[in-house]
Every structure is written in structure tokens, then in C-alpha cells.
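Thanks, everyone. I'll keep this quick and go through the contacts one group at a time. Please have the viewer open.

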Amino acid sequence: MNPTTSPNHRVAIAGASGRMGRMLAQAVAESADCQLAGALDVADSVHIGNDATGFLGHASGVMIQSDLHAGLKNAQVLIDFTRPEGTLAHVKVCRELGVKMVIGTTGFSDEEKALIQAASQDIAIVMAPNMSVGVNVTLKLLEMAAVALATDYDIEIIEAHHRHKVDAPSGTALKMGEVIAQALGRDLKECAVFDRQGHTGARPDQAIGFSTIRGGDIVGDHTVLFAGTGERIEITHKSSSRSTYADGSLRAARFLAQQPRGLFDMFDVLGLRKA
């Protein structure tokens, strides 16, 4: 049987009582080929000791706990959408136990990304700032557009998220900038413009601008504007439900079943690397 369709991929979820954690638990519960094998949360969570799918009206038999070793002992893969400090603690234990990881956490420093890269020498990891299939197809479209519109077009990235998001710009917006910059042969660190205020002067030709909106319950909107003389092109992706992130995460978990070690992203999972 093909390993991507074999039953019972044993999945643990970090941040199991949060909004994304619950969406992941529901996706696993509704999946024909995945089973919930662990549920983690911080030690002071009021949900410690609760059944991880109790909110759905039925019990999984998997209790939310803070002990990483106990929570991961039956898992093949951990899906993590928490915060950098928590994810790095999970990476360390997963590396010890040989548990693979799907990392959707954003806001890592270069040094923290290097730690994840080092861990991938021993375990397989899919890390992407956005697990949505649609977002990653959008990234491929942006790569193609950037090459075609390499001259005489100004590039601006506008993103909007809910009021509770703690990092800005979003990891997805930064990934869009990275993809575009790479396609144009630029270094995003040198050409990104994150702040404009007061007398800014004329726009640099090589700049890639970022604008951030925070408010309400916006799940995630991203638009890349290629503004030329006499025309502009906008490539937009809008999320209306976190279920797209959960579905993409399970695709990543299935992909990892075939990988002994290494660091991958959603382009690898979706076969977009060669497209």
C-alpha cells in the first residue's frame, strides 16, 4: 500500500486547546488515515487533563498534557502552530524521540531557523509560514509574475490579520517577499521596506514594500501589487477559515511519512518545486 494513503498516521498536536489546535484536532478526527496520538499545551492551561476532542462532543481518549515526552511517545509526527520559544522546545524533544514535525509557527530569527535546520539532520521537518494549498500555489504564481514583471513594476505586499496576531509582517507576507526577491535575484533584507512615515523621498526602484493591517477576526488576507505605468496587477489570496491550514498540515504529515530526515516546505509537499 502506498505510504501516503496507509491508515493511522499518528499525529500529535501542539497548542491543542487554541483555535488552530482545535481545528487541527477536528481535521485529524475527520480524517480516514490519521489518528490523534498526542495533545500538548502549556502547563498553566486550564485545559490540561481535558480530552483533546471533547469540544467536538465526542472523546478521543487523548488528554491534553504539558509533559512533552509523555505527549509525544506514541506519535510519528507533531504539528506545531505555537510560538517560536515553544516550537524550539518541541524541536529538541522531537529530535530526541525521532518524531517528525510540521511547523507552521512564524516569527523565528535567523539563529532559531538555524537550530531547526540542524535538527533536520536527524528528523524530517516540513516548515512553512502558511500550510494552505492555495497560498502555496499563490507563491508559485508570484514567482512566475516576478520574472515576467522584473522591470518597470513596483512591488508592494499588503497583509491583514485578526487583532490577536502578535507578529508583523505575517510569515506568509515575508515568504511572498522572499519568493519574489529570489526570482528577481535580490536580497530581501536589503530591499524590503517595512516603515514609511514623514518625508520618505522617492520610492527606490528595487524596493519591495510591506503594509500591515490588524483588526477584527480576519483569518488572513494577502495581496501583492505589481504597479506599472498605465496598469497594475494584483495577486490576492484570502482565507475565510483556518481549516485550509489544517488540511495542508495533514498533507504535510502524510508527505513526511516517506522522508527519513531533511528540511522541506510546502513546495516539496505539493510538487511545486519542479513546476
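Let's start with charges. This is a predicted model, and it holds 12 salt bridges. I'll take a few of them.

First up, Asp-122 and Arg-95. Their side chains meet in a salt bridge, 2.7 Å from N to O. Where do the two residues lie? Asp-122 lies in the loop between helix 4 (110-119) and strand 6 (124-127), while Arg-95 belongs to helix 3 (residues 84-97), so this pair ties together parts that are 27 residues apart in sequence. Asp-122 is partly exposed, at 43% relative accessible area. Arg-95 is partly exposed too, at 35%.

Next, Arg-214 and Glu-159. Here the closest N and O atoms are 2.8 Å apart. Arg-214 is partly exposed, at 28%.

Then Asp-167 with Lys-165. That salt bridge is 3.1 Å, N to O. Asp-167 has a relative accessible area of 18%, and the cut-off for buried is under 20%, so Asp-167 counts as buried. Lys-165, at 21%, is partly exposed.

One more on charges. Asp-154, Glu-156, Arg-196 and Arg-203 form a linked network of salt bridges.

Now to strand 7, residues 154-161. How many of its residues are buried? The count is 6 of 8, so the strand is mostly covered. Strand 7 has two partners to look at. With strand 10 (residues 220-227) it runs antiparallel, joined by 7 bridges. In that pairing Ile-158 stands opposite Thr-223. With strand 9 (residues 208-214) the sense is parallel, again over 7 bridges. There, Ile-157 faces Phe-210 as its opposite number.

On to helix 6, residues 171-184. It has 14 residues and reaches 20 Å from first C-alpha to last, close to the 20 Å expected at 1.5 Å a residue. Which of its residues are buried? Among them are Thr-172, Met-176, Val-179, Ile-180 and Leu-184. And what covers them? The cover includes helix 5 (133-148), helix 7 (188-191), and strands 7, 9 and 10.

The largest nonpolar core has 57 residues, and Val-126, Ile-180, Ile-208 and Phe-226 touch the most other members. Helix 8 (residues 243-256) gives the most to this core, with 7 residues. A second, separate core has 21 residues, including Ala-12, Leu-72, Ala-119 and Ile-123.

Take a look at Val-126. Setting aside neighbours within four places in sequence, its contacts include Met-101, Ile-103, Met-131, Ala-252, Phe-255, Leu-256 and Phe-264.

Two of those residues bring me to the rings. The structure holds 2 aromatic pairs. One of them is Phe-255 with Phe-264: the centres are 5.3 Å apart and the planes are at 80°, so the pair is edge-to-face. Phe-255 and Phe-264 are both buried.

To recap: Val-126 is in contact with both Phe-255 and Phe-264, and strand 7 pairs antiparallel with strand 10 and parallel with strand 9. Happy to take questions.

Note on methods: Residues are numbered from 1 along each chain as its sequence is written. This is a predicted model: local features need pLDDT of at least 70, side-chain atom pairs count only at pLDDT 80 or more; totals for chains, interfaces and linings use all residues. Side-chain values use heavy atoms; hydrogens and water are left out. Rings of Phe, Tyr and Trp (its six-membered ring) pair if their centres lie within 6.5 Å; planes under 30 degrees apart count as stacked, over 60 as edge-to-face and the rest as tilted. Buried means under 20% relative accessible area, exposed over 50%, partly exposed in between (1.4 Å probe, protein chains only). Helices (H or I, at least four residues) and strands (E, at least two) are DSSP runs, numbered from the N terminus. Two strands pair if DSSP finds at least two bridges between them. A nonpolar core is a set of buried Ala, Val, Leu, Ile, Met, Phe, Trp, Tyr and Cys residues joined through side-chain atoms within 4.5 Å. Contact means heavy atoms within 4.5 Å. The expected span of a helix is 1.5 Å times one less than its number of residues. A salt bridge is a side-chain nitrogen of Lys or Arg within 4 Å of a carboxyl oxygen of Asp or Glu.
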